[in-house]
There are 2 protein chains.
Amino acid sequence: MTAPLRVALLGCGTVGSAVLRLLEEQAPDLAARIGRPVEVAGVAVRRPDRHPDVPPHLLTTDAHWLVTRPDVDLVVEVIGGIEPVRSLLLAAFGAGKSVVSANKALLADDGVELHAAAAEAGVDLYYEASVAGAIPLLRPLRESLAGDQLRRVVGIVNGTTNYILSRMAETGHGFTEALAEATDLGYAEADPTADVDGFDAAAKAAILASLAFHTPVSAADVYREGISAVTSTDVARAAEIGCTVKLLAICERVPGEGGDSVAVRVHPAMIPTTHPLASVGGAFNAVFVEAEAAGQLMFYGQGAGGDATASAVLGDLVAVARNRVAGVAGPGVTAYAGLPARPIAETPTRYHISLDVADKPGVLATVAQEFARHGVSIATVRQDGHGDAATLVIVTHSAPDAALSATVTALRGMPAVRGVTSILRVEGLS
Amino acid sequence: MTAPLRVALLGCGTVGSAVLRLLEEQAPDLAARIGRPVEVAGVAVRRPDRHPDVPPHLLTTDAHWLVTRPDVDLVVEVIGGIEPVRSLLLAAFGAGKSVVSANKALLADDGVELHAAAAEAGVDLYYEASVAGAIPLLRPLRESLAGDQLRRVVGIVNGTTNYILSRMAETGHGFTEALAEATDLGYAEADPTADVDGFDAAAKAAILASLAFHTPVSAADVYREGISAVTSTDVARAAEIGCTVKLLAICERVPGEGGDSVAVRVHPAMIPTTHPLASVGGAFNAVFVEAEAAGQLMFYGQGAGGDATASAVLGDLVAVARNRVAGVAGPGVTAYAGLPARPIAETPTRYHISLDVADKPGVLATVAQEFARHGVSIATVRQDGHGDAATLVIVTHSAPDAALSATVTALRGMPAVRGVTSILRVEGLS
């Protein structure tokens with residue numbers, strides 16, 4: 001066995017510490033699998049005094065120096081965020097280092113530029129850990145399904161919102177109470193914006209869509225709605241029609257007359273409780289893939305946590321290390337398809353709408369007419385009378401989101417409609 | 001774009017035809033993903049007259065000539081069985097061709113020899129399609145989880161037996177009737193031995209265990225019990241304790257005083273209906289993976305069918321083609337661990353045992369004593385009296401299989417025991 005491969009670690013929080021520990025614990029196995037031992041060359045952190053467990057001679061605050069050092073072969077980045085990481089990774093590529101990253105925000109924003117820089121340097125850029133923690137997902141999309149045509153990727157990729165929505169369903173509480181509970185238990189961060197407003201899921205959706213459709217998709221192309229507007233009424237209404245509310249990341253290839261386009265969106269939706277994604281609870285993640293030839297596939301596992309994320313990082317590390325030993329770079333990400341992004345307004349979706357109306361003859365007809373006027377076809381309608389009022393629960397067929405949205409606006413203005421009590425998109429109904 | 005990569009196809013049944021069709025339909029995408037177009041150089045079949053859809057100039061009966069032709073770059077094998085395929089693949093490696101195979105029996109029997117031949121020739125051997133059809137499973141095990149330690153791989157990997165067991169649960173029918181129904185519907189072959197006796201699942205288990213534990217495991221190392229002895233009583237008893245009966249392929253790394261060993265077995269077992277594998281119905285396959293750092297993962301999808309299997313074949317084809325374009329071979333399969341196979345007798349399992357006993361004082365004590373005498377600890381026992389007889393339903397804790405088996409033999413010989421009405425292993429209970 002020859003000289004060790006030397007790894008620079010950027011960041012040493014929960015994931016970074018787990019990477020360091022596993023690198024040590026599994027050193028003999030990793031060496032056997034790679035063909036050369038792996039050694040930590042240095043760990044870049046902001047505050048060296050906060051890392052008493054790391055041998056002091058490895059710690060440095062100069063990340064740029066570390067990633068360009070000639071004795072470093074591979075860079076593992078678990079800092080997160082855009083800058084300074086973007087510059088550091090570009091510097092690493094410039095110095096001929098392969099990179100393993102867990103950085104969803106950066107990959108979603110600057111994936112194209114980073115891939116180009118890696119390709120130009122003839123090195124690898126892998127980032128399995130950036131989406132759905134330990135679940136092998138990006139490699140299956142990049143490689144296992146490379147001979148197939150993907151139609152849809154639908155996933156629960158954010159554990160915090162999944163926990164909150166699960167608790168709302170279990171307790172009947174509203175969003176605010178469920179968020180407070182999640183914060184108390186450490187499932188939500190002090191500033192939960194990135195999770196509850198769907199930014200985290202949108203970044204992951206962009207990465208998934210880019211790989212699935214061989215098309216550059218950035219976070220800005222993703223339609224995004226968080227869960228803070230989901231009410232206990234929405235959750236109760238979902239249960240009434242045999243559904244549960246989940247925050248979904250949905251990546252679709254939509255056929256059109258002028259050619260296919262790619263629609264990527266993150267929003268809460270009702271899905272049938274019989275759908276495989278419905279039973280994904282708490283901090284687990286799951287991603288459902290539909291491909292032309294392969295049919296339906298599902299991937300399930302832990303979406304977060306230091307060890308789970310570190311497992312994905314180390315899997316990538318073995319891959320780039322093997323490539324380094326063989327003196328090659330792995331296959332890059334192809335973006336040849338360059339499909340246009342489809343705006344949400346033109347994306348076909350289905351709505352569940354719950355209305356309080358006056359209970360008199362003709363109201364249903366008037367309401368139904370409003371749907372027809374916008375070209376929206378109704379799949380099911382249920383009318384429950386109580387006193388002089390009635391509740392109409394309507395599930396539509398698929399229609400462009402703009403038409404559904406316009407229908408809702410028109411319904412709100414109708415004299416017979418006393419209130420629109422719940423609106424949510426519906427997915428996975430046949 | 002340069003000259004096409006030329007593919008030799010061996011076999012043209014359901015999967016082969018699907019591969020040919022998809023190669024044509026997806027030619028532009030495959031070319032873009034690989035960097036060079038792919039072209040079919042020839043199709044080896046036994047009876048050319050039976051393949052009117054294949055251009056006649058491509059058909060040949062001389063498979064050996066085809067795989068060694070200088071104008072062939074890659075070989076796709078979907079014939080199945082051991083010989084002549086083994087010789088053909090060795091000839092292909094000898095001639096410097098990379099191979100994609102869907103052949104579980106061959107890989108389970110001769111995986112070590114074939115991998116060695118591929119490595120010596122500096123070419124690739126991929127076989128994602130050999131286990132669980134379209135579900136990306138071997139690549140995740142080989143690569144995504146290469147930085148982790150696997151503990152267990154538990155799967156439903158045979159659709160025929162899964163269909164039969166599902167129907168037994170739904171209808172209350174016995175094995176014979178359910179098999180007849182499966183045969184009528186085309187879910188079971190005229191000679192169902194390979195499926196119902198567990199040979200198919202055992203081959204897949206050997207492949208999974210080899211990759212999961214970096215250890216050569218062949219089909220002969222796999223303990224195997226089929227489902228023909230599963231009775232409607234077994235299925236009913238399972239339901240009574242909140243379980244369902246599945247044919248499981250179980251690959252475990254078992255810690256021991258003298259070091260770890262690998263236990264690989266295929267047998268019917270009761271699993272709780274809440275277990276993710278319990279709801280895998282009909283022809284679907286699912287594999288559950290437990291890893292040290294990644295935790296629990298599940299992979300789910302279509303386990304068979306021409307298109308689904310062809311998707312896995314084409315994914316591998318893209319991978320070996322990319323390697324060919326780059327002038328490299330992908331990472332081989334490592335078998336450095338060389339863990340010993342643990343015989344079933346020494347493998348820890350749990351049993352569910354249902355007994356008809358005389359309903360008199362002291363019987364339970366006598367029975368319990370027999371378990372204790374064999375060192376088997378009882379987890380739960382339920383006694384239902386009816387007239388002068390009673391039913392004892394016992395679920396044990398984990399014990400070496402030999403001890404459980406000896407306990408059952410002893411119980412059969414006890415005067416107080418009128419009959420042992422159901423014995424099945426239990427998995428997935430906490």
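Tutor: UniProt positions are given here in the numbering of this structure, with feature names shortened, and such annotations may be inferred rather than shown by experiment. This is a predicted model, where local features need pLDDT of at least 70, side-chain atom pairs count only at pLDDT 80 or more, and totals for chains, interfaces and linings use all residues. Residues are numbered from 1 along each chain as its sequence is written, chains are lettered from A and ligands numbered from 1 in the order in which they are written, and side-chain values use heavy atoms, leaving out hydrogens and water.

Student: Which residues of chain A does UniProt list for "domain: ACT"?

Tutor: The unreviewed UniProt entry gives residues 352-425 of chain A. Helices (H or I, at least four residues) and strands (E, at least two) are DSSP runs, numbered from the N terminus. Residues 352-425 of chain A are 31% helix and 47% strand, and the end C-alpha atoms of the span lie 6 Å apart.

Student: How many aromatic pairs are there over all chains?

Tutor: Rings of Phe, Tyr and Trp (its six-membered ring) pair if their centres lie within 6.5 Å; planes under 30 degrees apart count as stacked, over 60 as edge-to-face and the rest as tilted. By this rule there are 5 aromatic pairs over all chains. One of them is edge-to-face because the rings of Phe299(A) and Phe299(B) have centres 6.0 Å apart and planes at 80 degrees. That pair crosses between chains, from strand E12 (residues 295-302) of chain A to strand E12 (residues 295-302) of chain B.

Student: Are Phe299(A) and Phe299(B) buried or exposed?

Tutor: Buried means under 20% relative accessible area, exposed over 50%, and partly exposed in between (1.4 Å probe, protein chains only). Phe299(A) and Phe299(B) are both buried. Another pair, Phe284(B) with Tyr300(B), is stacked, because the ring centres are 5.1 Å apart and the planes are at 5 degrees. This pair links distant parts of the chain, with Phe284(B) in strand E11 (residues 284-291) of chain B and Tyr300(B) in strand E12 of chain B, 16 residues apart. Phe284(B) has a relative accessible area of 22%, so Phe284(B) is partly exposed, whereas Tyr300(B), at 16%, is buried.

Student: Which ring does the charged end of Arg69(A) sit over?

Tutor: A charge sits over a ring if NZ of Lys or CZ of Arg is within 6 Å of the ring centre and within 35 degrees of the ring normal. The charged end of Arg69(A) sits over the ring of Trp65(A), 4.7 Å from the centre of that ring. In chain B, Arg224(B) lies over the face of Phe199(B), at 3.8 Å from the ring centre.

Student: How many salt bridges does a search of the whole structure find?

Tutor: A salt bridge is a side-chain nitrogen of Lys or Arg within 4 Å of a carboxyl oxygen of Asp or Glu. The search finds 56 salt bridges over all chains. Among them is Glu170(B) with Arg167(B), whose closest N and O atoms are 2.7 Å apart. Both residues lie in helix H7 (residues 159-171) of chain B, 3 residues apart, about one turn of the helix. Glu170(B) is exposed, with a relative accessible area of 55%, and Arg167(B) is partly exposed at 22%.

Student: Where does Arg69(A) come into the salt bridges?

Tutor: Arg69(A) forms a salt bridge with Asp71(A), the closest N and O atoms being 2.9 Å apart. Arg69(A) counts as buried because its relative accessibility is 14%, while Asp71(A), at 29%, is partly exposed.
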